[in-house]
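These are my notebook entries from going through one model. I kept them in the order in which I looked things up.

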Amino acid sequence: MLASVRTRIARGGRIALLEVLVFVVILVVLPPLISGFTVTLLTQYLIYALLALSLDLVWGYGGILDLGRAAVFGWPAYVVALLATKSHVTSGFVLLPVALVVGAAVGLLVGLFLFAGRGRRDEFFIAMSLLAFSFISQEVATSWEAIGSANGIPGIPLMTLFGSLAPGLGFYYLVALLLLACYLLVRWLVHSQFGLVLVASRQDDRRVSFLGYATWQVRLISYVISGAIAGLAGALYALHNGYASPDMLGVTLSTQALLWVLLGGRGVLIGALVGAVLLNYVSFELNGALSTAWQIVLGLIIVVGATTLPRGVLSPFLSREPRRFSGYERPAHPPVAPKVLSEGT
Amino acid sequence: MSNVDGSEDGRASVLTRRRLLKTAAGGAFAAMAGPALAACGGSGGAASGGSARAAKVGILADMTGSLAVFGKSYWNAARMAAEDINKSGGVRGRKIQLVLADSASDNSTAVQKSGQLVQQDHVDVVIGGLTSAMREAIKSTIIDRGQTLYIYPNLYEGNSCGELQFNTGPVPPMVVDPLVPWLFQNASGKNVYYTGSDYVFPRASLKFIKAAVESNGGKLVGTEFLPLDATDFSHSTQKILSSGADIVYSNVIPPGIWTQVRQLTEQGFRDKGMLCVPYLEESALQAIPAKLLEGLPACLDFFQALTDPYDTALVKRYKSSFHDGTYFSANGAVGTFRGLKMWAQAANEADSLDAHDVAKALDHQELKEGPGGPAKMVPGSHHVAVNMYLGVAHNGKMDIKENFGQRQPGSAGCHF
């Protein structure tokens, strides 16, 4: 098996060793080692990793500072929760595709509002709009009686997928494989011409437009795809833990997702995964180990981490290649910026 | 309190250093496999043990975060109850062990921690959860997915039911039914204006308030739900003043409630009208100047001013044992104490730690002596009947004006 991996690395040159390593650990090394509660915990972290992956696509590559990521995570979770509790639909073959569609739909609605039309909207405007969207979503869910108000929707039955799927190794494998599938999709996307345009338009939207690309469509499509992935993550979270609640839509989770990606390395897909798992794990262990000061220690770790390794915890191990693709590498000889002809128009 | 420490689970202290080292080592995946293996080996014996196995009780409390002042009192109350239980023979002849999990005032943390209690520590019952939202979030993990007993210890809106779920705090009819007639007797009239924060508890309470007001010959002249984080009540105050209300019944939550009390006082409403904050207990009293709260009535299942020997001793013991600025009060600490004692009695009666066996015994359990007097699990309802008291704020304390006797959960309970 190793030989085939090596050939693939040699042949493709793109599958970084680290990426293979992470997925080998997730899919091959860990399952026989873990049991009971650790499986449940890791499954949750992998679901968060899925959310981080979706955010890295739009933020790390598309340059959209999504301060409201939780909204595209939470609404699909609510839809799935309602379907499962009110309409008694528990089949994963229905619920998971529904989550993808709802996530994409929410992404499309928000994206149309923020990205449609020529020219790039002010980054600050987009970030604040998304923040507001997340905030409003949480407020709406908190006061909407039909969806349980502040109490949310408890008692979601187990998902069925060739039999009933309780939290455990089966659920773990499902999440791990979905994560791998989404990862490969996003990876293919950002390495394609589409990804190149996405990154390029983040750096200089006007120049890319002059080349004939409808950059807003590229941004919109990336936002829709990332919405679908976040929606899938939200549904998995709800089905795994058996509840959906307003804080799954809120600003706190949105901010946490940003931190995972920031610490993992913006624009490094595998970093988003590692960041999500690592930060959640450290936070959980600190909570158990230190009685009252754990949040202060966690804060210090985040601040130190973000300042000493601004490109993420993986940056010391990374080849330069993925970063070049994400466009965060500063060119050795910066090209002379062309004089903009009509600044005012 | 040294023997209480003996009853705590060793996990927290034994594993702390090792866990810290692992965290410091930083290798996420490698380190994560470690505790998993340790958990496997360590817990196997406890989970499969025979009849003499020691009972394990999981306490899920907000030890950190915005609700820590309440969460810490849960943990303190649980330690006092465990000490009592162990002194009088424990559960099935063995001392019970407490396992603390910090839900950190955060629902997703609470879900992870309750999973840890159930799947890793294999506790026989989980007691805890402060807000209603947290209770609903952790229910599935504990009850449906974990097949473990769950006791929710706080005053709440009622009707949260499950075969393995029990509630040891009061529900709205227990507060509203005796409180409204008392208000009518002591206020200048029977026109009631109801305000509440816009979430489940105040909304669920409204139904009972409306019924109680009307059946006692009063009139509900206004109803208003304010945002959870509302801080400006001037508009609401004007509406109250022009509504002709004699009584304002407010289920607005802190910190907004303090502003509401201040504005209603400053605008002169309280000169002749009566303001009532029914959930006012000792720890909430500390938040603002006593002068402002003077004369506010509340209706709860426990006040520190209770004068019977059992309650006086309990309050004294709490004060001398814990110096963390928390109070043994009706904020859930009382329900935790009550719940743990009832559970221990039920486990002894059933002579089993199996969740379903204990649930059967817990369903009709009576606590002869408890905080605030005796408590009785109403059969089939999974909710308790307890004494309710009318307290009035005076000099930063709650004076007891009336004992309403044992009140029933009624329609806010469950039906099994």
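Predicted model: local features only at pLDDT ≥ 70, side-chain atom pairs only at ≥ 80, totals over all residues.

**Entry 1**

At the start of α5(A) I looked for a side chain reaching the backbone, and a side-chain oxygen of Ser91(A) comes to within 3.1 Å of the backbone nitrogen of Phe93(A).

**Entry 2: where chain A touches chain B**

How many residues of chain A are in contact with chain B? I noted 51 residues of chain A, in contact with 43 residues of chain B. The area buried between chain A and chain B is about 3900 Å², and carbon and sulfur atoms give 61% of that area. In chain A, the residues that lose the most area to chain B are Phe37(A), Asn151(A) and Tyr281(A), which together make up 17% of what that side buries.

I then looked at polar links across the interface, and I found zero salt bridges between chain A and chain B, whereas 14 residue pairs are in polar contact, counting pairs with both residues at pLDDT 80 or more. On the side of chain A that touches chain B, the elements giving two or more residues are α2 (17–33), α3 (36–61), α6 (123–143), α10 (215–241), α12 (269–289) and α13 (294–308) of chain A. By class, that side of chain A has 28 nonpolar, 20 polar and three charged residues.

**Entry 3: salt bridges**

The count over all chains comes to 15 salt bridges, and I followed some of them by hand. In chain A, the side chains of Asp205(A) and Arg219(A) meet in a salt bridge at 3.3 Å, N to O. Asp205(A) lies in helix α9 (residues 205–210) of chain A and Arg219(A) in helix α10 of chain A, so this pair ties together parts that are 14 residues apart in sequence. Both Asp205(A) and Arg219(A) are buried.

In chain B I turned to Arg317(B), whose side chain meets that of Glu83(B) in a salt bridge at 2.9 Å, N to O. Because Arg317(B) lies in helix α14 (residues 309–321) of chain B and Glu83(B) in helix α4 of chain B, the pair ties together parts that are 234 residues apart in sequence. Arg317(B) also meets Asp84(B) in a salt bridge, at 3.0 Å, N to O. Asp84(B) lies in helix α4 of chain B as well, so here the parts tied together are 233 residues apart in sequence.

Which of these side chains are buried? Glu83(B) counts as buried because its relative accessibility, 9%, is under 20%, and Asp84(B) is buried at 17%, while Arg317(B) is partly exposed at 22%. I also wrote down that Glu83(B), Asp84(B), Arg317(B) and Lys341(B) are linked in a network of salt bridges.

**Entry 4: a glycine in a loop of chain B**

Next I looked up Gly90(B), which lies in the loop between α4 (68–87) and β2 (97–102) of chain B. At 7% relative accessibility, Gly90(B) counts as buried. Leaving aside neighbours within four places in sequence, Gly90(B) is in contact with Ile85(B) and Asn348(B).

**Entry 5: backbone exceptions in chain B**

Most residues other than glycine have a negative phi, and most peptide bonds are trans, so I listed the exceptions that I came across. The peptide bond from Pro254(B) to Pro255(B) is cis, with omega near 0°, and Pro255(B) is found in the loop between β8 (247–251) and α10 (256–266) of chain B.

Ser105(B) is not a glycine, yet its phi is positive at about 55°; this residue lies in the loop between β2 and α5 (107–120) of chain B and is partly exposed, with a relative accessible area of 22%. His122(B) likewise has a positive phi, near 50°. I placed His122(B) in the loop between α5 and β3 (125–128) of chain B, and at 28% relative accessibility it counts as partly exposed.

Terms used: Residues numbered from 1 in each chain as written. Chains lettered and ligands numbered in written order. Heavy atoms only, no water. Contact = heavy atoms within 4.5 Å. Buried area = accessible area lost by both parts, 1.4 Å probe. Salt bridge = Lys/Arg side-chain N within 4 Å of Asp/Glu carboxyl O. Polar contact = N/O pair within 3.5 Å; in protein donor to acceptor, adjacent residues only side chain to side chain. Helix = DSSP H or I, 4+ residues; strand = E, 2+ residues; numbered from the N terminus. Nonpolar A, V, L, I, M, F, W, Y, C, P; charged D, E, K, R; others polar. Buried < 20%, exposed > 50% of the residue type's maximum accessible area, 1.4 Å probe, protein only.
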